[in-house]
Amino acid sequence: MKATDTSEFINSLNASVFAQQVGRALSDVAAGVVDHGKPGEVTLKFKLKQIGQSNQVTVSHTLDFVQPTKRGKKREDTSLDTPMYVTENGLELFQTSPTDQMFTREEAPVKAREV
């Protein structure tokens, strides 16, 4: 099995909303660190659980961050689940490419006319 494409994996979680949330958290925490001179933290956590007896897993993904403020800190966490397939290309949203051909030319149920 190949290693999972990390950027594709993150973008697949919660229909790319998770990737946007991570980007926003990183920016907000970094701004708080610079503005207030205090440390901040962004944590990503993934838990995987098999779905039945299939080659699918539920990926539970959590974003947790602590943003420094003038008089303390602001903390937020978000957790959601995304089902994914375990394939020869690693973890993927689809088991096969949705644009792949279902049949080869030889296997096609209707043969193309020859001109």
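Visitor: What makes the contact between the side chains of arginine 24 and aspartate 28 a salt bridge?

Guide: In this predicted model, the nitrogen-to-oxygen distance between the side chains of arginine 24 and aspartate 28 is 2.9 Å, and because a salt bridge requires a side-chain nitrogen of Lys or Arg within 4 Å of a carboxyl oxygen of Asp or Glu, the pair qualifies as a salt bridge. Arginine 24 and aspartate 28 are separated by about one helical turn, because they lie four residues apart in helix 2 (residues 17-36).

Visitor: What makes Asp64, Arg75 and Asp77 one network?

Guide: Aspartate 64 and arginine 75 form a salt bridge at 2.9 Å, N to O; this pair links distant parts of the chain, with aspartate 64 in strand 2 (residues 56-69) and arginine 75 in strand 3 (residues 72-87), 11 residues apart. Arginine 75 also meets aspartate 77 in a salt bridge, at 3.6 Å, N to O, and salt bridges that share partners join Asp64, Arg75 and Asp77 into one network.

Visitor: Why is arginine 75 called exposed, and why is aspartate 77 called partly exposed?

Guide: Exposed means over 50% relative accessible area, and partly exposed lies between that and the 20% limit for buried; arginine 75 has 53% and therefore counts as exposed, whereas aspartate 77 has 43% and therefore counts as partly exposed.

Key
Residues are numbered from 1 along each chain as its sequence is written. This is a predicted model: local features need pLDDT of at least 70, side-chain atom pairs count only at pLDDT 80 or more; totals for chains, interfaces and linings use all residues. Side-chain values use heavy atoms; hydrogens and water are left out. Helices (H or I, at least four residues) and strands (E, at least two) are DSSP runs, numbered from the N terminus. Buried means under 20% relative accessible area, exposed over 50%, partly exposed in between (1.4 Å probe, protein chains only).
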